[in-house]
Amino acid sequence: MERNQIPVVTINDTTLRDGEQSPGVAFNTEEKLAIALNLESVGVQELEIGVPAMGEAEQETMSVIAASLTRAKTMGWCRMTDQDLNSASGLGLDWVDVSIPVSKQQIRSKLGFDSDKAYFAHGERYLKQAVELGVDVCVGMEDASRADLDFMLRLTELAQECGAKRVRFADTVGILDGDKTRSYISSLRANTDLQIEMHAHNDLGLATANTLAAIDAGATSINTTVVGLGERAGNAALEEVAVALSVLNKGFTGIDLQALPQLCQLVQNASGRPEWLQKAIVGGSVFTHESGVHVDGLMKDSNNYQGFPPNWLAVSTSLFLESIRVLRPSERYIKTSGCICLRLSVNNCD
């Protein structure tokens with residue numbers, strides 16, 4: 001695919017909202033500001049920075065973040081209530097995501113609506129109120145992966161009539177696969193001119209894959225969190241999505257890939273979550289090789305056992321050599337390839 005054919009993808013990172021909903025994770029204002037500034041510096045275009053209805057402390061932090069960013073747009077997350085929308089006013093936000101359940105399960109058990117007429121009247125009232133705030137409006141379709149498509153299309157049509165600019169398709173309980181994701185997003189794309197945003201959860205380990213599938217099907221923006229923080233099993237990881245889009249030539253994000261390891265370390269430290277050595281993209285052993293067959297292949301050509309070069313992330317290949325038999329060229333490879341030898345107990349042969 002030529003560069004001019006690659007879709008431009010907006011990353012709306014929700015580390016400071018959905019990411020902080022990880023059990024046991026709570027960022028203070030200083031940490032949130034540092035994370036926000038780092039997200040902006042790596043090239044993230046939009047940040048969902050909190051829930052205004054949580055109170056004055058949250059609102060003050062959101063105002064500080066909004067005032068400190070110079071390029072990235074900010075978004076607040078709201079329910080369709082007077083309190084939520086009123087609390088989002090005056091914070092300097094660029095967007096509000098106005099969330100409403102779209103599955104029968106949640107419409108009945110959470111909202112208590114027993115008729116479509118009452119539901120859509122409620123939606124129209126608060127969509128218009130959100131637009132009157134003077135910010136861009138995204139309609140968050142909660143539990144969309146368990147909703148009826150025709151019902152969502154009715155809400156999407158109402159959203160556009162009321163002046164919203166985007167709809168968010170939320171796989172709230174993380175039950176989609178790539179095929180179902182493509183089907184939903186392509187149907188939305190065929191029936192609306194609004195921007196479409198994908199919000200994937202990782203309960204089945206498919207959040208990144210489903211996010212990529214949504215882009216293939218026409219989604220224009222995606223939600224991510226750094227190191228995949230989020231409710232339950234987390235969200236699509238920023239570093240995974242950004243690198244995958246580059247490796248697979250699926251979309252242009254403008255993300256500085258080499259800055260991702262430092263950003264991930266910052267968020268890991270602030271969240272108190274331990275490092276997982278085999279975490280995709282940024283784990284400490286992702287570019288480490290021990291198998292004699294693999295090391296031999298790397299000595300011949302690093303592309304033999306690396307899908308993309310580690311210098312994309314400003315890191316080096318590591319060789320874990322122990323009790324294996326290799327030829328002397330390994331010494332030359334270690335010196336010339338920029339790799340690091342973690343342990344060396346090698347029987348060299350002339």
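What covers the buried residues of α2? The cover includes α1 (29-42), β2 (46-50) and β3 (73-79). The model described here is predicted. The protein has 12 helices and 11 strands, and buried residues make up 51% of its 350 residues. Of the contacts between residues at least 6 apart in sequence, 69% join residues at least 24 apart.

**Helix α2**

- Helix α2 spans residues 56-68, 13 residues in total, and reaches 18 Å from its first C-alpha to its last. That span is close to the 18 Å expected at 1.5 Å a residue.
- The buried residues of α2 are Glu58, Thr61, Met62, Ile65 and Ala66. They cover an arc of only 135° around the axis, which puts them on the same side of α2.
- The face turned away from this buried side carries the exposed residues Glu56, Ala57, Glu60 and Ala67.
- Glu58, a residue of helix α2, has a relative accessible area of 8%; this counts as buried because the cut-off is under 20%.
- Leaving out residues up to four places away in sequence, Glu58 touches Lys32, Ile49, Gly50 and Val51.

**Largest pocket and Arg17**

- The largest pocket holds about 460 Å³ of space.
- Its lining consists of 24 residues, and those nearest the centre are Arg17, Trp77, Ser99, Lys110 and Glu142.
- Elements that give two or more residues to the lining of the largest pocket are β3, β4, α4 (104-111), β5 (136-142) and β6 (166-171). The largest share, four residues, comes from β4.
- Arg17 sits in the loop between β1 (10-13) and α1. Arg17 is buried, with a relative accessible area of 9%.
- The side chains of Arg17 and Gln21 are joined by a polar contact of 3.2 Å.
- Apart from its neighbours within four places in sequence, Arg17 is in contact with Glu48, Gly50, Val51, Trp77, Arg168 and His199. One of these, Trp77, is also listed among the pocket residues nearest the centre.

**Asp94**

- Asp94 is placed in the loop between α3 (82-87) and β4 (95-101). With a relative accessible area of 27%, Asp94 is partly exposed.
- A polar atom of the Asp94 side chain lies 2.9 Å from the backbone nitrogen of Thr74.
- When neighbours within four places in sequence are set aside, the contacts of Asp94 are Ala72, Lys73, Thr74, Val135 and Asp136.
- Asp94 and Asp136 are 42 residues apart along the chain, and their C-alpha atoms are separated by 6.2 Å.

**Helix α8**

- Eight of the 10 residues of helix α8 (residues 207-216) are buried, so α8 is largely enclosed by the rest of the structure.
- The buried residues in α8 are Ala207, Thr208, Asn210, Thr211, Leu212, Ala213, Ala214 and Ile215.
- These buried residues are covered by elements including β6, α7 (178-191), β7 (195-200), β8 (221-224) and α9 (238-247).

**Non-glycine residues with positive phi**

- Asp143 has a phi near 60°, a positive value in a residue other than glycine. Asp143 is found in the loop between β5 and α6 (149-162), and at 0% relative accessibility Asp143 counts as buried.
- Val227 has a phi near 50°, likewise positive in a residue other than glycine. Val227 lies in the loop between β8 and α9. Val227 counts as buried because its relative accessibility is 17% and the cut-off is under 20%.

**Gln306**

- Gln306 belongs to the loop between α11 (292-300) and β10 (318-327). Its relative accessible area is 11%, and Gln306 is buried.
- Gln306 and Phe287 are 19 residues apart in sequence, while their C-alpha atoms are 7.8 Å apart in space.

Conventions:
Residues are numbered from 1 along each chain as its sequence is written. This is a predicted model: local features need pLDDT of at least 70, side-chain atom pairs count only at pLDDT 80 or more; totals for chains, interfaces and linings use all residues. Side-chain values use heavy atoms; hydrogens and water are left out. Buried means under 20% relative accessible area, exposed over 50%, partly exposed in between (1.4 Å probe, protein chains only). Contact means heavy atoms within 4.5 Å. A polar contact is a pair of N or O atoms within 3.5 Å; within protein, one must be able to donate a hydrogen and the other to accept it, and residues adjacent in sequence count only if both atoms are side-chain atoms. The expected span of a helix is 1.5 Å times one less than its number of residues. The arc is that of the directions from the helix axis to the C-beta atoms. On a 1 Å grid over the protein atoms alone, a cavity is a set of points where a 1.4 Å probe fits but cannot get out, and a pocket is an open set with protein on both sides within 12 Å along at least five of seven lines; lining residues have an atom within 4 Å of a point. Grid points are joined across faces, edges and corners, and a volume is the space filled by probe spheres set on the points.
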